[in-house]
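Subject: Structure handover

Hello,

I am passing on the structure we spoke about. Please look through it first; my notes on what was found follow below.

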Amino acid sequence: MATESGLAADVHPGSVDDAASAQWIQHCLALAQRGAGHVSPNPMVGAVLVDTGGSVLAEGWHAEYGNAHAEAAAIRRALNTHGPEPLRDATLYVNLEPCSHHGKTPPCSNLIIETGIPRVVVGTVDPYPEVAGRGIERMRAHGVDVTVGVEEEACKRLNEAFFHHVETGRPLLTLKIAQTLDGRIATTTGHSQWISGPEARTKVHQWRADLDGVLVGRGTAAADDPRLTVRHVDGPQPHRLVIDRTGALSPELQLFTDDHAAATIAVIGAERAAPAYAEALTARGGQILRIPETPEGHLDLHALLAHLGAPDGPTDRPLQSLLVEAGPGLATALFRQDLVDRFFCFIAPKVVGTGMPSVRDLGIRQMDAARTFADACWTTVGDDLLFQGYMRAV
């Protein structure tokens with residue numbers, strides 16, 4: 001198997017047990033998940049140090065952006081608890097390649113070498129240009145036995161937003177829809193609360209906490225007056241974005257007036273006059289973001305995503321992931337422009353007949369031209385079904 005950097009994902013016969021390695025990397029992934037919502041734009045990483053008898057010496061995870069990486073946290077805990085000797089026969093398991101460059105913290109590959117850890121099992125290569133196999137090469141050059149590519153697909157899927165952002169420069173876009181069995185997101189009067197059940201709504205709040213930003217269009221903002229905050233779970237608050245091309249939304253909306261207004265970014269057309277809420281929103285710490293329009297008079301969604309993912313974008317760090325809670329207009333535009341990376345759709349056991357569709361015309365006239373998914377799964381969430389579709393292979 002070859003990794004993205006071209007390094008062979010080689011398993012060294014006799015040095016590492018495949019089944020045990022897979023289990024330990026899965027444990028690393030569970031540890032890494034604890035950093036969700038806190039480490040972006042860094043990846044989520046977990047690490048476990050295991051002695052020759054299969055006992056855990058220490059474990060660690062990247063808990064917060066700017067703080068210690070997972071490998072460093074595990075090594076320091078092991079040294080503090082056991083001293084240096086057990087590490088000289090230990091195996092370090094980590095879901096992503098140890099870094100090889102100085103960033104906010106020193107290179108983890110150097111620390112592994114200096115500590116004398118003889119064996120490292122890596123889930124997948126880090127695609128970041130300043131790493132991209134260099135950490136593995138450095139460790140091997142200093143005699144460390146490195147195995148690469150254990151549970152590789154799961155490791156890439158966990159950090160899909162990180163991989164996507166490195167490759168494209170824009171945030172991974174997750175389109176979320178809650179609809180009835182007959183594909184409606186509201187009745188003919190526009191009433192939509194609530195289509196899905198409380199368990200599904202709690203899951204959406206967890207996604208808001210885990211991802212960097214949440215985006216709605218003008219229609220959803222005007223009809224629902226959403227807060228887009230994290231309320232039913234513990235976690236950080238996301239950046240809140242609303243597309244208001246003409247700047248016509250009411251200044252009374254909660255997005256512009258509540259206690260989280262500083263996290264709100266109103267996206268308007270570059271040539272449009274300032275909206276009525278502009279002065280009050282900016283006074284609360286929120287932002288007005290002007291994005292160019294297309295010749296057809298629509299907001300340039302490609303330009304918006306590129307700006308959100310840029311180092312000099314509107315937020316303190318690049319947005320690596322974006323949850324879009326869209327009405328049919330925005331959902332259709334995103335599908336038409338191939339900007340949907342993940343489609344998460346709750347289907348409630350309800351039928352309303354004529355009503356607002358979840359997606360409008362995509363220009364598809366033959367079934368063999370229908371949008372399909374590289375990977376997908378179905379799960380039950382309360383009384384609802386959740387479809388999680390991935391537009392591209394991991």
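To begin with one side chain, Trp378 is exposed, with a relative accessibility of 52%. Here exposed means over 50% relative accessible area, buried under 20%, and partly exposed in between, with a 1.4 Å probe and protein chains only.

Some background on the model. This is a predicted model, in which local features need pLDDT of at least 70 and side-chain atom pairs count only at pLDDT 80 or more, while totals for chains, interfaces and linings use all residues. Residues are numbered from 1 along each chain as its sequence is written, and side-chain values use heavy atoms, with hydrogens and water left out.

Aromatic rings

Trp378 belongs to a cluster in which ring pairs link Phe335, Phe343, Phe373, Trp378 and Phe387. Rings of Phe, Tyr and Trp (its six-membered ring) pair if their centres lie within 6.5 Å; planes under 30 degrees apart count as stacked, over 60 as edge-to-face and the rest as tilted. The structure holds eleven aromatic pairs. One of them, Phe343 with Phe387, is edge-to-face, at 6.5 Å centre to centre and 65° between the planes. This pair links distant parts of the chain, with Phe343 in strand β13 (residues 342-348) and Phe387 in strand β16 (residues 384-390), 44 residues apart. Phe343 is buried at 11% relative accessibility, and Phe387 is buried at 10%. Trp378 and Phe387 form a tilted pair, because their ring centres are 4.9 Å apart and their planes are at 55°.

The chain as a whole

The secondary structure comes to twelve helices and 16 strands; helices (H or I, at least four residues) and strands (E, at least two) are DSSP runs, numbered from the N terminus. The radius of gyration is 23 Å, close to the 21 Å that the globule rule gives for 394 residues, so the chain is as compact as a globular protein of that length. That radius is taken over C-alpha atoms, and the rule is 2.2 Å times the number of residues to the power 0.38. Of the 394 residues, 51% count as buried. Among contacts (heavy atoms within 4.5 Å) between residues at least 6 apart in sequence, 71% join residues at least 24 apart.

Leu57 sits in strand β2 (residues 56-61) and is buried at 10% relative accessibility. Leaving aside residues up to four places away in sequence, Leu57 touches Leu49, Val50, Asp51, Ala78, His82, Pro86, Leu87 and Ala90. In helix α6 (residues 160-168), the buried residues include Glu160, Phe162 and His164. Gly169, which follows α6, has a positive phi, near 80°.

Backbone points to check

Most residues other than glycine have a negative phi, and most peptide bonds are trans. Which residues does a cis peptide bond join, with omega about 10°? They are Ser40 and Pro41, and Pro41 is found in the loop between α1 (18-32) and β1 (46-50). Another cis peptide bond joins Gln193 and Trp194, with omega about 5°; Trp194 is in the loop between β7 (184-187) and α7 (198-210).

Asp225 is not a glycine, yet its phi is positive, about 45°. Asp225 lies in the loop between α8 (218-224) and β9 (239-243) and is partly exposed, with a relative accessible area of 26%. Leu228 lies in the loop between α8 and β9 and has a positive phi of about 60°; Leu228 is buried, at 1% relative accessibility.

Regards
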